Amino acid sequence: MQVLPVLARSHEVVLWTDQDEVAPEVHQIAPIARYHPGAPPWREINNGTISIYHLGNHLDFHAGLWQVSTQQPGIVVLHDLCLHDFFFTLLVRHRKDRGAYLNAMERWYGQEGRQSAEAFCAGGVSAESMTQNFPLTREATRNALGAITHCGGALEELQETPACPAAALDFPYAAAEESRYRARLAARDGVPHPPYRLVVFGYLNRNRRLEPLLEALAGLGEREQFRLELCGQLWDESHIREQIERLGLNSIVSLPGFLSDDQVERKLSTCHLAINLRYPSMGEASLSQLQFWDYGLPTLVTRTGWYASLPEDATAFVRPASEVADIQAHLRAFLADPGAFRAMGERGRRSLKDHHPQTYVDAMTRFAAEALQLSRRASALALARSIGSDLTEWLPAAASPYLLERVSKEIYAIFEGRRRG
Amino acid sequence: MKILIATSGVPFIRGDAEILAESLRKALSEAGHQAELVVIPFKPCPPSRIPEQILACRLLDLTETCGVRIDRVIGLKFPAYLIPHEKKVIWLLHQHRAAYELWEQPEAGDLMHYPDGHLIREAIRQADRELIPEARAVYALSENVSERLRRYSGIAAEPLYHPPANAHLFHNGSASDYFFCPGPVNSTNRQWLAIQAVAQCRERVHIRLGGEPASFPQQAKSVNKGKWSDRVEWLGRLSEEQKRDLYANCRGVIFPGVDEGYGYVALEAMLASKPVIATSDCGGPLEFVLADQTGLVAHPTPESLAQAMDRLWAGRRCAAAMGEAGRAHYQDLHISWPNVVEKLLC
């Protein structure tokens, strides 16, 4: 919703969905068209100059999109980079097509990938290990004309995909007006302290590192100087409550649960430090992180995935290998110099100018135009693969170098021009 | 000269392009050359296989046969016109229309209905843009085809007109009380437009539709139930002789089609000294119809077409005069096979 209004102002946009419900405000921005993943209306879809597919890890939202994207090449925007779980669940559990999953693993990771996949299917390897070692990101961009990620670190792997250019764009975010930002800072200044207010936001899964966070807080001599609120749905609330109890943090840690938009506004305007850890990371960019900066909040993040690419002077990093010690060091540093952390949050807020949706749209459309220019290369490679595969069946490579050279030159001529030697 | 005519065709399908290729071969032979057809089988579906067919053409070697040099290759149809030859001349009948003008007419073109349609379209367009200019000269079937080539591929081509098959056998007979609407019955020939026009006519106009229906149009089903159904006659498939007789004895000829590559119907009407009613978007025939002199040009609506039909129906003398003017105009155009041969071999 950050990008769409801006994109629709300068381009004719049609939103395709296989979902039953679409947020009412989206109808105001662009026409909605529906498709069935098993029988997409290609004629209507082909009316567009280019298709942009937003893919992530959520099977209900993204399986149909991925299915269409494999047939009609377009730009794939990756909202998650670790897609192993997505493909395993889709191919093996839903489609009952173990072979397709094994082939995908072999396609990108060779024999090692296939063997690990077989071991995983047999229960011999953990899901976490598969996700980290075999993210299957490239399977999502297999037929793409281009891939957009919001994580610069992902480019290296993506650019190994033949004929598919990739770009890392800053995650789009429309920052609040300066006056509103100033009001938020003023609200924070009005909060009596200590104790300082710490918050964790969002869907609080195991990878949000609540256990080491609680452990760090419990082991901190100055822990009474802080109050921690875990805002959002917990993956296992009773487990977290047990931890809080066990560590003697009942007076320090509270669980306010899911917050409304108004409550979020109040909470972020009156807290002092946001803790936004992820490990392992699925590689995704964090809208919450940009939101924290929009309130001028300093943040603790894990030095991994997208978070590792954040400005060094706008965030405090926690290393996965020494989480408890790093968290404690940062909290002590905070107590020693709250102003330094406040300045960190302000620098984060300033960095939001790089995330302006118009900047994002401009970069995305430029990239899409370049990818379209290169699309004939995708056709050339598809033809070369097809011909190469056929020739391999009956022609020893050494038998006819002339033929191979001639075929190569003609494919080049057909798709790229007549610069033949 | 030893000349190969490179064209492509769908096996078991014979149409105007096949007749043209054979006529060209005959004309070249009559001019004293050795000419043969090289017909590449073309399979447009699925479109993903089209690049392979382009490549197959590019790999053919037509430079010589049994040690004897091929002096000239004349390319006619996609992808055969992409076969390389040092002295190739292209006489473009049409490009792969689904990748060009029919992309915008999904009911007529097929490529747009495929998920990889965009990619294949771009591959075809790129191959045409890059490889058509290899030819030492590029001619087009008509101004309409030439304009498409310029618009889509940025390549100039001189229109080169040729006579319809058996042009010398067309003749003028009486002017009976019917309009003739020839051609295969299909969506692009839009016979339904002429049928709907009959219902709008003030005069008691009759039309005869000649040609085999590819599918019986929905619009025709409804007209058969209408009060004017006795004024529309479906003749079905016609022999060449029957067709010429229908031309010879009609009041005028109607061509309501859309974006036709070449104006065969107009030329045949002119040879039979008959006026032509053409629609303003019919393409090739408009190159030969002089509005209000050799025929009438109507908007592609039943109302406009009906007005034109009424005018010729009521003005028998005017219709005859336009027909004569059409015949004279045909002579002025100097459309002949020797001209075609001379151009292609110069």
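Two residues are in contact when their C-beta atoms, placed from the backbone, lie within 7 Å. With that in hand, look at chain B of this predicted model: Ser23(B), Ala27(B) and Leu28(B) in helix 1 meet Trp337(B), Val340(B) and Val341(B) in helix 11.

**Two pairs of crossing helices**

- In chain B, helix 1 (residues 16-30) and helix 11 (residues 337-345) pack with their axes 9 Å apart, at an angle of about 80°.
- Angles of 65 to 115 degrees count as roughly perpendicular, so helix 1 of chain B is roughly perpendicular to helix 11 of chain B.
- The contact of these two helices of chain B has five nonpolar residues, one polar residue and no charged ones.
- Leu59(A), His62(A) and Ala63(A) make the contact from helix 4 of chain A, while Phe86(A), Thr89(A) and Leu90(A) make it from helix 5 of chain A.
- By class, the residues of this contact in chain A are four nonpolar, two polar and no charged.

- Helix 18 of chain A (residues 375-394) has 20 residues and reaches 30 Å from its first C-alpha to its last, close to the 28 Å expected.
- Its buried residues are Ser375(A), Arg376(A), Ala378(A), Ser379(A), Leu383(A) and Ile387(A).
- Seen down the axis of helix 18 of chain A, the buried residues fall within an arc of 165°, so they line one face of the helix.
- A handy rule to keep in mind here is that an α-helix has 3.6 residues a turn, so residues three or four places apart point the same way.
- On the other side of helix 18 of chain A, you will find Arg385(A), Ser389(A) and Thr392(A) exposed.
- The cover over the buried residues of helix 18 of chain A includes helix 17 (357-373) and helix 19 (401-416) of chain A, together with helix 2 (50-58) and helix 3 (117-131) of chain B.

**Where the two chains touch**

- Chain A and chain B each give 21 residues to the contact.
- On the side of chain A, the elements that give two or more residues are helix 3 (42-45), helix 18 and helix 19.
- Helix 18 of chain A supplies the largest share of that side, seven residues.
- The side of chain A that touches chain B divides into nine nonpolar, seven polar and five charged residues.

**Backbone details in the loops**

- Tyr279(A) and Pro280(A) are joined by a cis peptide bond, with omega about -5°; Pro280(A) sits in the loop between strand 10 (273-276) and helix 14 (287-294) of chain A.
- Chain B has a cis peptide bond between Cys45(B) and Pro46(B), where omega is about -5°; Pro46(B) lies in the loop between strand 2 (34-41) and helix 2 of chain B.
- Leu136(A) is not a glycine, yet has a positive phi of about 60°, and 25 C-beta neighbours inside 10 Å make Leu136(A) count as buried.
- His334(B), also a residue other than glycine, has a positive phi near 50°, but with 9 C-beta neighbours inside 10 Å, His334(B) counts as exposed.

Definitions and conventions: Residues numbered from 1 in each chain as written. Chains lettered and ligands numbered in written order. Predicted model: local features only at pLDDT ≥ 70, side-chain atom pairs only at ≥ 80, totals over all residues. Helix = DSSP H or I, 4+ residues; strand = E, 2+ residues; numbered from the N terminus. Expected span 1.5 Å × (residues − 1). Buried ≥ 20, exposed ≤ 12 C-beta atoms within 10 Å, placed from the backbone. Arc of directions from axis to C-beta. Nonpolar A, V, L, I, M, F, W, Y, C, P; charged D, E, K, R; others polar. Axes fitted to C-alpha atoms, helices over the stretch in contact; angles between N-to-C directions. Parallel < 35°, antiparallel > 145°, perpendicular 65-115°, else oblique.
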